[in-house]
Amino acid sequence: MSETTPPEVIAVSFQKGGTGKTFTALNLAGGLAARGFDVLLIDLDPQGSLTANLGKREVYEDIDQLSLDNVLLDVNKWSQINEIILSDHEEFDLIPSNTTFNGNKTPLDSADAGENRLGKVIEQIDHEYHFIVCDCPPDLSAYSKNAVTAGENVIVPMQPRSEMIHSANLLFDHYETLGMMHSLEIEYLAFTMTYDSTKLTKEKRKVIDWFEDTFDEKGVLVDDRAAFDRAKWNQASIYTHSEAVENDQFPVFDQVVQLVLEQTSPPDHDVDLEHARNMSTEELRDRIKEAPEA
């Protein structure tokens with residue numbers, strides 16, 4: 001990988017489960033890829049939901065296979081990062097999770113420079129990616145910290161729950177400390193909140209109101225749709241699924257991708273960055289319709 005053109009690394013992070021991390025990471029990667037960018041998606045979650053959703057459950061369960069965890073823990077294996085990149089998905093490449101991952105008590109916590117290793121490993125990647133999207137675990141362990149220190153870009157996925165405000169403040173405090181310890185300039189590119197409009201209570205509405213008031217133009221409210229779930233069952237993002245592309249919430253989620261493009265500077269690598277940034281939803285839909293469905 002060229003030292004002068006590093007990819008933009010984005011951590012999709014929240015310390016609680018069930019807030020839409022995998023949904024956001026998968027479809028952010030799909031949205032960037034749909035605009036012509038070369039994307040690497042990394043599953044840092046020991047539960048491996050993203051890996052399983054992309055049809056790689058057997059890879060996740062193969063404990064004899066070299067994993068990202070193995071590579072991160074052994075500096076002599078850093079150059080082997082290229083061996084674990086799977087390139088058979090139509091939209092993007094993938095570094096899968098594996099059962100060797102150890103959750104929030106990973107040995108990375110006590111390893112030398114344990115919070116900075118992913119960034120060093122990424123430098124060993126041969127392929128020139130525009131973006132690397134990291135699906136972080138539902139905690140603030142070394143895996144999440146590595147994703148943040150590698151790129152200093154964060155997207156925070158949420159759902160309208162009673163504890164969400166408190167949990168969000170904890171996350172901000174945690175990453176503020178991380179930034180101070182490592183002299184980082186952490187940028188929050190977007191905040192997403194997925195919800196079901198048919199099940200809104202007064203309490204959930206209050207959390208949504210807080211979300212809108214707090215995050216303003218960087219906050220994206222996505223009303224969950226069955227079509228989005230069917231895209232996942234198709235082992236792909238909503239950007240390759242015809243029903244999802246036509247859904248009224250498709251341009252809503254696409255705002256997340258647009259926010260990322262407005263705030264990042266990926267290497268060009270044969271992509272017209274201005275055109276990609278300015279691509280309208282309808283233009284994107286037309287491009288997707290012309291491509292074969294995954």
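Q: What makes the lining of the largest pocket seven nonpolar, twelve polar and six charged residues?
A: The class rule decides: Ala, Val, Leu, Ile, Met, Phe, Trp, Tyr, Cys and Pro count as nonpolar, Asp, Glu, Lys and Arg as charged, and the others, Gly among them, as polar. Applied to the lining of the largest pocket, that rule gives seven nonpolar, twelve polar and six charged residues. The model is predicted: local features need pLDDT of at least 70, side-chain atom pairs count only at pLDDT 80 or more, and totals for chains, interfaces and linings use all residues. Residues are numbered from 1 along each chain as its sequence is written, and side-chain values use heavy atoms, with hydrogens and water left out.

Q: Which residues lie nearest the centre of the largest pocket, and how many line it?
A: The lining has 25 residues, with G20, K21, T22, F23 and K232 nearest the centre. A pocket is an open set of points on a 1 Å grid over the protein atoms alone, where a 1.4 Å probe fits, with protein on both sides within 12 Å along at least five of seven lines; lining residues have an atom within 4 Å of a point.

Q: Which helix gives the largest share of that lining?
A: α1 does, with five residues. α1 (21–34), α2 (49–53) and α9 (226–233) each supply at least two. Helices here are DSSP runs (H or I, at least four residues), numbered from the N terminus.

Q: What is the volume of the second largest pocket?
A: About 360 Å³. A volume is the space filled by probe spheres set on the grid points, which are joined across faces, edges and corners. Of its 20 lining residues, A34, Y239, T240, I288 and A291 are the closest to the centre.

Q: Why are the buried residues of α13 said to be on the same side?
A: T281, L284, R285 and I288 are buried in α13, meaning under 20% relative accessible area (1.4 Å probe, protein chains only). They cover an arc of only 100 degrees around the axis, so they sit on the same side of α13. The arc is taken from the directions from the helix axis to the C-beta atoms. What covers these residues includes α1, α10 and α11.

Q: How do you know that C134 is in no disulfide?
A: A disulfide is a pair of cysteine sulfur atoms within 2.5 Å. The nearest cysteine sulfur to that of C134 belongs to C136, 6.0 Å away. The whole structure has zero disulfides.

Q: Why is C134 called buried?
A: Its relative accessible area is 0%, so C134 counts as buried.

Note on methods. Buried < 20%, exposed > 50% of the residue type's maximum accessible area, 1.4 Å probe, protein only. Contact = heavy atoms within 4.5 Å.
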